[in-house]
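Trainee: I have a structure open and would like to go through it step by step. Can we start with single residues and finish with the whole chain?

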Amino acid sequence: MKNLLILGAGTAGTMMLNKLHKELDKEEWKITIVDQYKTHYYQPGFLFIPFGIYNKQDVTKPKYDFFPPGVDVIFSPIDRIAGEENKVYLEGGKVLNYDFLIAATGTQTRPSETEGLKDKLWYKDIFDFYTIEGALALHKKFKDWEGGNLVMCIPELPYKCPVAPIEFVCLAEAYFAERGMKDKVNISYVTLMSGAFTKPVASKMLGDLLEEKNIKVIPDFYLSHVDNENKKIVSYDEQEIPFDILTIVPVNMGSDMVKRSGLGDDMNYIKTNKFTLQSDQFENIFVIGDAANIPTSKAGSVAHFAGEILMENILAAMEGRALPAKFDGHANCYIETGHGKGALIDFNYETEPLPGTFPLPGIGPFGLLKNTKMNHYGKVLFRWIYWHILLKGKELPIEADMSMAGKKRI
């Protein structure tokens, strides 16, 4: 028997497990998946918890619900990958051999990387919504908050779901407006970027949207530390912004296992060929999802589109053939903008988000870089698609490669 080993049972790892389980000969291949935790979280849903739109039950399911029969499942922390030995060492001493390995170990928040962040105000007046604990704590805070300065801060790139902070401030504006508190809450969107988003056309559209909602955008703010005593965030050039509630995207980093394995960059993301999704160091290691250092969004849609490419390439590698498929960096993100509306962006390595219609030219039904009710329905529908189609490795009627059909060049 040959061994396929998948490290990580989040979105990307579970999806690839299901795809390859259907494809590989059970008499030839043994598939093993390793993960530290038994609960699967629908992470895009964390954003909705502070506003009471989702609760904890809406975003959690047992990981076992998504594992096909006949797969060897191991719940254990991973010590390191020994690529030159084709072995993975687990904490506690267990050793796993592999012929091919898929690394899907994701990215984690590291609040301790920012001075003063995880201090006495953590989960009292300072929150993240990238963890279930942070989202639930913020929900509790919002329920009886009487208003003041709400600051959303992005201190470092890259981070999971680049549009989530924009969605957060839009949902906050709607939430407090519906509670009759619009005049009591001042919302600021503080970012190290030069605008609301990394891509110029989308940044202008989203920046204009925030301006319409009276959300103040403060660009080029490089966070130095959080002053807990005076409730301020301070930049390296000594700019100070006061807060009553601070929501923040903690620094994101890859797994420490990557560092111990000698496979990563300085943020612990695995060095990966951005087209083939193969490790830069070992031909029998492939990387998918947030664990890779490829220059595109850390988002579930990227894992989905990349999964199609990885599927073709790993099967070719298993058969000793040249790798036929190339990933173009395709990302597709619905952006919840509050008041029952949403926006949509579709882009790749080479092409920034452009206006138009998606997925069908002229028909849509979704509008690119437009704020519409239909885009909101697309965002809401995605949770069902995630649990029932995406995780189970089923096909969606959207090509892995980004299409220019329906897009308008600017």
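Trainee: In which loop is the place of lysine 231?

Mentor: Keep in mind throughout that this is a predicted model. Strand E15 covers 223–227 and strand E16 covers 232–235. Lysine 231 has its place in the loop between E15 and E16.

Trainee: What is the phi of lysine 231?

Mentor: Most residues other than glycine have a negative phi. Lysine 231 is not a glycine, yet its phi is positive. The value is about 50°.

Trainee: Is lysine 231 buried, partly exposed or exposed?

Mentor: Buried means under 20% relative accessible area and exposed means over 50%. Lysine 231 has a relative accessible area of 24%, so it falls in between and is partly exposed.

Trainee: Asparagine 230 is in the loop between E15 and E16 as well. How is asparagine 230 classed by relative accessibility?

Mentor: Use the cut-offs of 20% and 50% again. The relative accessibility of asparagine 230 is 48%, so this residue counts as partly exposed.

Trainee: What distance separates the C-alpha atoms of asparagine 230 and proline 242?

Mentor: Along the chain these two residues are twelve apart.

Trainee: Which residues is glycine 116 in contact with, leaving aside its neighbours within four places in sequence?

Mentor: Glycine 116 has its place in the loop between strand E10 (107–109) and strand E11 (126–127). The C-alpha atom of glycine 116 is 9.4 Å from that of isoleucine 233, a residue 117 places apart from it along the chain. With those sequence neighbours set aside, the contacts of glycine 116 are Val226 and Asn228.

Trainee: Where does leucine 369 lie, and is it buried or exposed?

Mentor: Leucine 369 lies in the loop between E24 and helix H7 (373–390). Its phi is near 55°, a positive value in a residue other than glycine. The cut-off for buried is under 20%. At 13% relative accessibility, leucine 369 therefore counts as buried.

Trainee: What is the omega of the peptide bond from glycine 364 to proline 365?

Mentor: Most peptide bonds are trans. Proline 365 lies in strand E24, residues 364–368. The bond from glycine 364 to proline 365 is cis, with omega near 10°.

Trainee: What is the omega of the peptide bond from leucine 157 to proline 158?

Mentor: Proline 158 has its place in the loop between strand E12 (148–154) and helix H3 (164–178). The bond that joins leucine 157 to proline 158 is cis. Its omega is near -5°.

Trainee: Which residues lie nearest the centre of the second largest pocket?

Mentor: This pocket holds about 310 Å³ of space. Nearest the centre lie Pro158, Pro162, Thr198, Thr296 and Ser297.

Trainee: Is serine 297 buried or exposed?

Mentor: Serine 297 lies in the loop between strand E20 (285–287) and helix H6 (300–318). Not counting residues up to four places away in sequence, serine 297 touches Pro162, Val302, Ala331 and Phe347. Buried means under 20% relative accessible area. Serine 297 has 12%, so it is buried.

Trainee: Which residues line the largest cavity?

Mentor: The structure holds one cavity of 30 Å³ or more, and the largest cavity has a volume of about 50 Å³. By class, its lining has four nonpolar, three polar and two charged residues. The lining residues are Gly289, Asp290, Ala292, Ile294, Thr296, Ser297, Lys298, Ala299 and Val302.

Trainee: Now the whole chain. How many helices and strands does the protein chain have, and what is its radius of gyration?

Mentor: The secondary structure comes to seven helices and 24 strands. For 410 residues the globule rule gives 22 Å, and the chain is close to that, so it is as compact as a globular protein of that length. Its radius of gyration is 21 Å.

Trainee: What percentage of the residues of the protein chain count as buried?

Mentor: The C-alpha trace spans about 65 × 50 × 40 Å along its principal axes. The accessible surface comes to about 17600 Å², with 49% of it belonging to carbon and sulfur atoms. Of the 410 residues, the share that count as buried is 59%.

Key. Residues numbered from 1 in each chain as written. Predicted model: local features only at pLDDT ≥ 70, side-chain atom pairs only at ≥ 80, totals over all residues. Heavy atoms only, no water. 1 Å grid on protein atoms, 1.4 Å probe; cavity = no way out; pocket = protein on both sides within 12 Å on 5 of 7 lines; lining within 4 Å. Points joined across faces, edges and corners; volume = space filled by probe spheres on them. Nonpolar A, V, L, I, M, F, W, Y, C, P; charged D, E, K, R; others polar. Helix = DSSP H or I, 4+ residues; strand = E, 2+ residues; numbered from the N terminus. Rg over C-alpha atoms; globule rule 2.2 N^0.38 Å. Buried < 20%, exposed > 50% of the residue type's maximum accessible area, 1.4 Å probe, protein only. Areas by Shrake-Rupley, 256 points an atom, 1.4 Å probe, with all protein chains shown as cover. Contact = heavy atoms within 4.5 Å.
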